[in-house]
Structure formats: C-alpha cells, structure tokens
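Welcome, and please take a moment to look over the sequence and the 3D view. We will walk through them together, one neighbourhood at a time.

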Amino acid sequence: MDIGEIRKEYTQFGLNREDLAASPFAQFEKWFQQAREAELKEVNAMSIATVRADGMPQVRTVLLKLFDQRGFVFFTNYNSAKAQEIDANPQASLLFPWLDLERQVRISGQVEKISKAESFKYFTSRPKGSQLGAWISEQSQVISSRTVLKTLMNQVKEKFKDGKIPLPDSWGGYRIMPESFEFWQGRANRLHDRFKYELNEGHWHINRLAP
Ligand SMILES: Cc1cc2nc3c(=O)[nH]c(=O)nc-3n(C[C@H](O)[C@H](O)[C@H](O)COP(=O)(O)O)c2cc1C
C-alpha cells in the first residue's frame with residue numbers, strides 16, 4: 001500500500017488577518033458554529049495531550065462540554081491516567097481536527113479542576129446509564145474482562161435504584177485556561193494560513209505563522 005500517494009489540495013477557504021476576531025474565544029466560537037453548520041461528525045471531539053511524569057507525552061480524545069471566556073471544559077475520571085498527569089503537571093494542549101473544513105485549532109494552557117457544583121450540574125444532565133457508568137469505571141485500570149463491568153453495573157443499578165444518583169468523588173470536569181490558540185486553514189500548494197493568538201500581560205496578540 002502506497003499511502004505516500006494520498007494527497008489533497010486544500011482550496012475551500014482562506015483566513016485573512018482582517019477576518020479574525022480580536023478575541024480568540026470569539027474566533028473559536030465562530031469556527032465552532034461553522035463546524036456545526038457543516039454537520040461535522042463529533043464536532044466537540046478534541047484531542048488532549050498531557051505529559052507523563054517521565055516526560056512522555058500522552059494524547060487521547062475527549063468531548064468538549066463547555067467553553068466560555070474562562071476556558072474549555074471536559075469531564076473525566078479524576079483517577080484516570082490523564083488525571084494523574086494533570087495533577088502532577090497541570091498543563092495541556094488541545095486539538096480540534098475539523099478536517100472536512102480543512103481546519104484545525106490548537107489551544108494550550110493551564111488546567112484546573114472545575115467546582116463540584118459545576119460538575120454536579122453537568123452530571124445530572126447526563127443520561128442515567130452514563131451517570132451509573134461514572135460510578136463503576138475505574139478508568140485506565142487493568143481489568144480482566146467485560147464481565148467485571150457488567151457485574152459492577154448491576155451492583156450500582158441496585159444500589160441507586162430508588163432515587164437520584166449522586167456525583168462520584170472520582171468524577172468531574174477539568175478546565176483548560178488558554179494561553180495560546182492557533183487557527184489553521186489549509187490552502188493550495190501547502191501555503192496554509194496560520195494565526196497564533198498569545199496572551200501577554202492580559203492582552204491577546206496575533207501573529208501570522210509560516211505554514
Ligand atoms: C469520540 C471520543 C470521545 C471521548 N470522550 C471522552 C470524554 O469526554 N471523557 C473521557 O474521560 N474519555 C473520553 N474518551 C475516551 C478517552 O479517549 C480515553 O480512552 C480515556 O479517557 C482514558 O484516557 P487516559 O487513560 O489517558 O486517562 C473518548 C473517546 C472518544 C474516541
């Protein structure tokens with residue numbers, strides 16, 4: 001298989017300095033909206049890279065569930081591998097691969113846990129099955145088989161059969177508070193448009209980067 005021959009010119013759009021919003025949050029919102037309108041699959045899926053204690057980077061997909069001027073929030077298990085990495089080194093890099101629009105957005109920043117109240121609000125909006133799932137999955141731990149999950153699921157179903165399912169201590173949100181954003185738009189001949197926003201003394205500065 002010669003995958004070196006897979007090649008595509010990016011010609012759909014361009015990104016000009018004068019098109020950019022002064023705030024990267026506004027620019028993100030504009031592109032997010034366009035990605036939604038284009039009906040991209042899993043438009044809120046993002047890769048998040050963290051760094052392990054030995055320096056090895058780790059990347060995986062999570063779902064963006066909230067964004068505003070404070071940052072970008074996803075939910076996960078607070079004992080998972082990623083959570084341990086964040087606890088030891090609270091920095092992360094996000095990537096939104098909106099490839100059907102020939103776009104990507106990269107974001108880097110510090111990470112903090114969101115409040116219990118915020119996590120609870122989102123937790124209760126989830127379907128009951130997902131709420132129960134949050135109770136049983138010791139995310140990133142080795143398990144012997146799927147049967148373990150089934151057994152635990154039956155146990156929590158029984159435990160919480162009458163009444164509301166409480167928020168597990170081991171589950172909640174993290175917020176990435178951006179220090180930089182990069183908006184990348186594919187162009188012809190690999191001469192892509194890249195604009196980087198960087199936070200400096202409370203102000204966002206924008207630079208065009210070479211492709
Ligand atoms: C489309 C997609 C969405 C996902 N969303 C989440 C999510 O929102 N939260 C989460 O903890 N894991 C999510 N996962 C699973 C993670 O990619 C990962 O397997 C899991 O969080 C364990 O990662 P870790 O061992 O590095 O902590 C998602 C995976 C995919 C493919």
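What follows begins with the ligand and its surroundings, then turns to salt bridges and to one helix.

A word on the ground rules comes before the tour. This is a predicted model, in which local features need pLDDT of at least 70 and side-chain atom pairs count only at pLDDT 80 or more, while totals for chains, interfaces and linings use all residues. Residues are numbered from 1 along each chain as its sequence is written, and side-chain values use heavy atoms, with hydrogens and water left out.

Let us start at the ligand. Around it you will find Arg60, Thr61, Val62, Leu63, Phe75, Thr76, Ser80, Ala81, Lys82, Gln139 and Ser140, where belonging to this shell means having a heavy atom within 4 Å of the ligand. Strand 2 (57-63) gives the largest share of the shell, four residues. Strand 2, strand 4 and helix 2 each supply at least two residues; helices (H or I, at least four residues) and strands (E, at least two) are DSSP runs, numbered from the N terminus.

Now look at individual atoms. A polar backbone atom of Thr61 is 2.6 Å from an oxygen atom of the ligand, and a polar backbone atom of Ala81 is 3.3 Å from a ligand oxygen. Ser80 takes part through its side chain, with a polar atom 3.5 Å from an oxygen of the ligand. Of the 620 Å² of accessible area that the ligand has on its own, the protein covers 62%; such areas come from the Shrake-Rupley method with a 1.4 Å probe, and for residues only the protein chains shown count as cover.

You can find Ser80 in the loop between strand 4 (71-77) and helix 2 (81-88). Is Ser80 buried or exposed? Ser80 counts as buried because its relative accessibility is 0%; buried means under 20% relative accessible area, exposed over 50%, and partly exposed in between (1.4 Å probe, protein chains only). Leaving aside neighbours within four places in sequence, Ser80 is in contact (heavy atoms within 4.5 Å) with Gln139 and Ser140.

Next come the charged pairs. The structure holds 13 salt bridges, each a side-chain nitrogen of Lys or Arg within 4 Å of a carboxyl oxygen of Asp or Glu. In one of them, Arg70 pairs with Glu118, with the closest N and O atoms 3.5 Å apart. Arg70 sits in the loop between strand 3 (66-68) and strand 4, and Glu118 in helix 3 (residues 116-125), so this pair ties together parts that are 48 residues apart in sequence. Arg70 is partly exposed at 44% relative accessibility, and Glu118 is partly exposed at 23%.

Another salt bridge joins Asp193 and Arg187, at 2.7 Å from N to O. Here Asp193 is buried at 4%, whereas Arg187 is partly exposed at 30%. Salt bridges with shared partners also link Asp68, Arg70, Glu112, Glu118 and Arg175 into one network.

Our last stop is helix 4 (residues 128-136), whose buried residues are Gln131, Leu132, Ala134 and Ile136. Their cover includes helix 3, helix 5 (146-159) and strand 7 (171-185).

Conventions. A polar contact is a pair of N or O atoms within 3.5 Å; within protein, one must be able to donate a hydrogen and the other to accept it, and residues adjacent in sequence count only if both atoms are side-chain atoms.
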